[in-house]
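Please open the model in your viewer and keep the selection tool at hand.

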Amino acid sequence: MATKKRLSEGAAKSILGVAGDNTRTGQIRADEFIPELRGKNAIRKYREMRDNDSTIGAVMYAAEQVLRDVKLKVEPANDTEGAKREADFVESIFEDMDHSLDDHIAESLSSLSYGFAWFEVVYKRRVGPTKRSPKKHSKYTDGRLGVRKIACRAPWTVSRFDVEAKSGDVLGIYQDVGYGSGKHYIPTSKSLYYRTTVLNGDPSGRSILRNAYSSYVYLNNLQNIEAIAVERELAGIPVARIPSEYLSSDASAAQSGFVGNLQQILRDVKFNEQGYIITPSDTYPDKDGSPTNIRLVDIELMSSNGKRNLDIDPIVRRYQHDIARSVLSEFLMLGGGNNGSYALSKSKTDLFLRALESYIQAIVDVLNKQLVERLWQLNGLNYDLMPCIKAGDVAPHDLREIAAFLRNLNGADINVSDHPEVIQDLMDIAELNYDPNTEVSTETSDLSDEAEENNKENT
């Protein structure tokens, strides 16, 4: 009977499997089965969807504006003075950059559209405000390495990822545009790297617009057909009448040329301020050779009579709902029809805000892991004092629900007044100023209760 082999330390540290099928090549969406969504074509298509579709544009704009308003706090590692100084150092890093932290948050959200977002971190020595060189200019004079800027590297400039074949670790990116030779390499050690998912070890992540692709294609084609149909319905289909000999096989060269020119005129005619058609005024003669009222060449616009059996508007709305549903933002479509309720709107909105909370948390995780830790490494600082960046609340709190919860706690004889940190959080939620050193007098409270009881009796 075979016995199990004991796992050695060397075998435990080694990598045995591979991350994915084609991800080791470093190509964008290498495992995608739709060719149009593979490589740089995928970036172009997602950019088209983001910039052209009104529903997708509304979702991305809403996400950007909501997450811009989320407060990021730098919390010290502990309550010591040294930990608080290091937390102040991290806050000064964001204040000393060439751009605001909100701008970086907004740019990092491009990972939702394209699956990934890459930023090059440009550092500087914080010598002082008198230095002209951007490598040394700073509002601070502590001499530490700080951050000059976090420069975005557009997804459509990335030619491929540098991926370690065995482990699947992303080592950097290659850019094939720009100045010089047109080829640039940026290692991950000098970058911030956001991606939506690590499924299958794909370095390019997965766009949240991927599930909306089919609906977008059908909706785009349907809107084009609708525009053409409306134009034809309003202006009509141009119809020309000419003598039959012009269409015969033995027509002369002049007659065939006239037919070709007339076909081009009918194809290109538009009902606008510059549209016109010139036709001969000759008419057919009668049997005596006298002119009649029937023209040799006649053109008219033929329009349909009655109403179409197919209403295209519900089909367009269905595809718009599918797009909104794929990105958890179907609440944007409420109110556009005859259905919808407050409860339904609240549940769908809460789901969307929950998704935004996961997005901002992913951004904060990258800032802590790839920015703060590297600053500690470059400056040789004590890791025990390294602070942590935490995101505030995305969704606004319902004060009525919080008040009901506090009443339930009070009914269960749970007193939160003995916990100043809880009271501080409640005041922050209500956006009220609170001084923890201020105490409410018990005697004053009792007198207030007695006065209120007296008022009730007098009433």
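Begin with helix H2 (residues 40-52) and H3, whose axes come within 5 Å and cross at roughly 85 degrees. Helices (H or I, at least four residues) and strands (E, at least two) are DSSP runs, numbered from the N terminus. Axes are lines fitted to C-alpha atoms, for helices over the stretch in contact, and angles run from 0 to 180 degrees between N-to-C directions. H2 and H3 are therefore roughly perpendicular to each other; angles of 65 to 115 degrees count as that, under 35 as roughly parallel, over 145 as roughly antiparallel and the rest as oblique.

Now select the residues of this contact: Met 49, Arg 50 and Asn 52 on H2, with Ser 54, Ile 56, Gly 57 and Met 60 on H3. Contact means heavy atoms within 4.5 Å. These residues divide into 3 nonpolar, 3 polar and 1 charged. Here Ala, Val, Leu, Ile, Met, Phe, Trp, Tyr, Cys and Pro count as nonpolar, Asp, Glu, Lys and Arg as charged, and the others, Gly among them, as polar.

A note on the source: this is a predicted model, in which local features need pLDDT of at least 70, side-chain atom pairs count only at pLDDT 80 or more, and totals for chains, interfaces and linings use all residues. Residues are numbered from 1 along each chain as its sequence is written, and side-chain values use heavy atoms, with hydrogens and water left out.

Which residues meet here? Glu 64, Leu 67 and Arg 68 in H3 meet Asp 102, Asp 103, Ile 105 and Ala 106 in H5. This contact has 3 nonpolar, no polar and 4 charged residues.

Next, show the open sheet of 3 strands in the order E3-E2-E7, with antiparallel pairing. Two strands pair if DSSP finds at least two bridges between them. Strand E3 (145-153) and strand E7 (191-195) stand at the edges with a single partner strand each, so one side of each has no neighbour in the sheet. Neighbouring strands of this sheet are turned by 25 degrees against each other on average, direction ignored.

Strand E2 (residues 116-125) pairs with E3 in the antiparallel sense over 8 bridges. Select Tyr 123 to find Val 147 of E3 opposite. Helix H5 (residues 101-108) packs on this sheet and touches E2, E3 and E7, its direction making about 155 degrees with that of E2.

Move to another open sheet of 3 strands, in the order E4-E5-E6, again with antiparallel pairing. Its edge strands, E4 (158-163) and E6 (184-187), each pair on one side only. E4 and strand E5 (residues 170-175) pair over 5 bridges. Select Phe 161; its bridge partner in E5 is Ile 173.

Last, select helix H11 (residues 399-411), which has 13 residues. From its first C-alpha to its last, H11 reaches 18 Å, close to the 18 Å expected at 1.5 Å a residue; the expected span is 1.5 Å times one less than the number of residues. Just after H11, Asp 413 takes a positive phi of about 60 degrees.
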